[in-house]
Number of protein chains: 2
Amino acid sequence: MIASELTSVRAPRVQAARRLTKRTFRARERRFLAEGQQAVREALAAPGRVLEMFATRDAADRHDDLTAAASAAGVEIQLVSGAVMSAMCQTVTPQGVVAVCGFVDVPLDEALAARPRLVAVLADARDPGNAGTVVRTADAAGADAVILAGASVDPYNGKCVRASAGSIFHLPMTVDVEVEATLHALRAAGLRVLAADGNGTDDLDQASDDGRLDGPTAWVFGNEAWGLPEATRSLADDVLRVPIHGRAESLNLATAAAVCLYASARAQRRA
Amino acid sequence: MIASELTSVRAPRVQAARRLTKRTFRARERRFLAEGQQAVREALAAPGRVLEMFATRDAADRHDDLTAAASAAGVEIQLVSGAVMSAMCQTVTPQGVVAVCGFVDVPLDEALAARPRLVAVLADARDPGNAGTVVRTADAAGADAVILAGASVDPYNGKCVRASAGSIFHLPMTVDVEVEATLHALRAAGLRVLAADGNGTDDLDQASDDGRLDGPTAWVFGNEAWGLPEATRSLADDVLRVPIHGRAESLNLATAAAVCLYASARAQRRA
């Protein structure tokens with residue numbers, strides 16, 4: 001089902017979609033934009049997630065897989081001109097396809113009811129690129145959930161959605177929860193809470209050798225600039241540092257998370 | 001030594017520094033800009049590297065450590081107005097300090113003469129943020145050198161320098177070398193060449209268990225979009241994939257590099 005081309009950025013559907021680039025409107029409507037082939041493909045694979053889909057004629061012609069997936073999901077493709085597409089997208093060179101999606105987050109109780117074995121918690125992470133990359137990395141490492149706690153960035157921010165490379169549609173995500181309450185709930189659910197901190201008393205490799213990564217684990221990662229406050233660290237079972245063998249002061253948030261989550265993935269699979 | 005404040009963006013020294021935001025001028029003069037406290041601090045710690053230093057009065061007052069380091073290094077601080085600083089910086093909110101530095105790269109022969117045990121090679125990596133993050137991560141993982149081969153991004157690009165968080169001044173870096181010739185030189189120097197590839201035949205964890213990460217190793221990472229071409233993979237001793245346990249299609253370049261380099265760091269230290 002392909003509707004005839006919209007050429008006006010003032011068309012009500014276009015205006016409604018464009019508003020979703022702003023957090024206030026996203027929160028009010030519980031909808032967000034997924035831009036680009038990969039994000040739209042993964043969104044279409046998640047049942048009922050795509051509410052509207054827009055494409056340029058060129059993109060629709062080029063991506064048979066997307067038009068087929070849209071058709072299979074019962075989603076009508078609204079053709080739009082290049083100018084309209086540019087107005088809806090936040091990237092400099094839009095790929096010609098964008099979907100309006102319903103929010104994917106689930107309550108903490110629901111994420112924990114699935115008895116997760118590996119969880120990534122972001123506490124006050126502010127950079128959308130970092131947050132999206134952590135979602136993607138957590139997915140790759142086989143994590144069962146990602147929790148954006150405290151004053152963390154809105155994961156429905158366009159930059160975060162793009163950095164997640166479709167993974168935002170793959171694993172349960174929880175948002176808008178307090179850090180402290182979250183850590184208590186994770187421990188009550190039987191997960192060992194590990195805080196990642198450059199000044200951690202124990203080394204990641206040592207913890208791995210000691211078997212402390214073998215069981216169900218929730219990793220907590222802090223803010224890009226100031227890490228984790230003492231109040232958060234004191235709630236963790238262990239405060240672990242990724243060893244710095246050279247002269248770098250630290251790792252960035254997303255790379256530190258990658259090293260920690262993959263250390264857990266490896267330890268859990270060997271245990 | 002603090003010279004009186006420059007307030008004109010047309011001042012010759014300011015114009016000369018601003019030109020270094022363009023690759024052509026950087027290449028001609030073999031100079032680049034290091035922006036922000038952390039980068040300037042690390043630059044000052046590298047003997048003879050800082051050729052000029054600019055700061056706002058406010059930043060100079062706030063950062064005693066930087067003025068002391070400049071003084072110890074015999075570097076005069078040129079005070080500039082906020083407007084001049086903004087004109088020289090590429091960040092939206094400049095930290096008020098920027099240094100003109102001499103290029104830090106060394107010829108491949110020199111990097112190899114130091115008998116490195118862990119080397120990161122970027123083959124045609126195009127994103128400056130990724131490249132800078134890999135330099136930072138390689139430094140953290142204790143790598144002895146980073147090589148930007150093929151059509152890789154200019155590491156003196158402001159975004160790359162910022163993403164390296166000062167690590168560009170920490171470990172030997174080689175640029176402008178061909179991928180194939182580099183891999184031959186690395187093998188001749190006794191390093192095992194490992195290509196990181198999402199479609200690799202062997203799994204990183206398996207290779208680690210088999211002891212294939214224990215000796216001197218050069219990791220090769222490819223382009224963000226298309227990875228490593230067959231011609232490059234065929235020159236590697238092993239083509240390894242970071243295991244994808246979930247539904248993510250892949251990891252991004254910098255996170256994949258973090259997992260690989262830290263796997264080597266761990267294996268080498270245990271061997």
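In this predicted model, Ala254(A), Thr255(A), Ala258(A), Val259(A) and Tyr262(A) of helix H13(A) meet Ala254(B), Thr255(B), Ala258(B), Val259(B) and Tyr262(B) of helix H13(B). Sorted by class, this contact comprises 8 nonpolar and 2 polar residues, with no charged residues. The two chains are related by a rotation of 180°.

**Packing of H13(A) against H13(B)**

- Two packed helices are described by the angle between their axes and by the distance between the axes.
- Helix H13 spans residues 253–270 in chain A and residues 253–270 in chain B, and the two helices pack at an angle of about 50°.
- The axes of these two helices lie 9 Å apart.
- Because angles of 65 to 115 degrees count as roughly perpendicular and those under 35 degrees as roughly parallel, H13(A) and H13(B) are oblique to each other.
- The crossing of H13(A) past H13(B) is right-handed.

**Relation between the chains**

- Chain B is superposed on chain A by a rotation of 180° with 0.0 Å of shift along the axis, at an RMSD of 0.0 Å.
- This relation is therefore that of a two-fold axis.
- The copies meet through the same surface, because 100% of the interface residues of chain B are also interface residues in chain A.

**Architecture of chain A**

- Chain A contains 13 helices and 12 strands.
- Its radius of gyration is 20 Å, close to the 18 Å that the globule rule gives for 271 residues, so chain A is as compact as a globular protein of that length.
- Along the principal axes, the C-alpha atoms of chain A fill a box of roughly 60 × 35 × 35 Å.

Terms used:
Residues numbered from 1 in each chain as written. Chains lettered and ligands numbered in written order. Predicted model: local features only at pLDDT ≥ 70, side-chain atom pairs only at ≥ 80, totals over all residues. Axes fitted to C-alpha atoms, helices over the stretch in contact; angles between N-to-C directions. Helix = DSSP H or I, 4+ residues; strand = E, 2+ residues; numbered from the N terminus. Parallel < 35°, antiparallel > 145°, perpendicular 65-115°, else oblique. Left-handed = near helix turned anticlockwise from the far one by under 90°. Contact = placed C-beta atoms within 7 Å. Nonpolar A, V, L, I, M, F, W, Y, C, P; charged D, E, K, R; others polar. Least-squares fit on C-alpha atoms with pLDDT ≥ 70 in both. Rg over C-alpha atoms; globule rule 2.2 N^0.38 Å.
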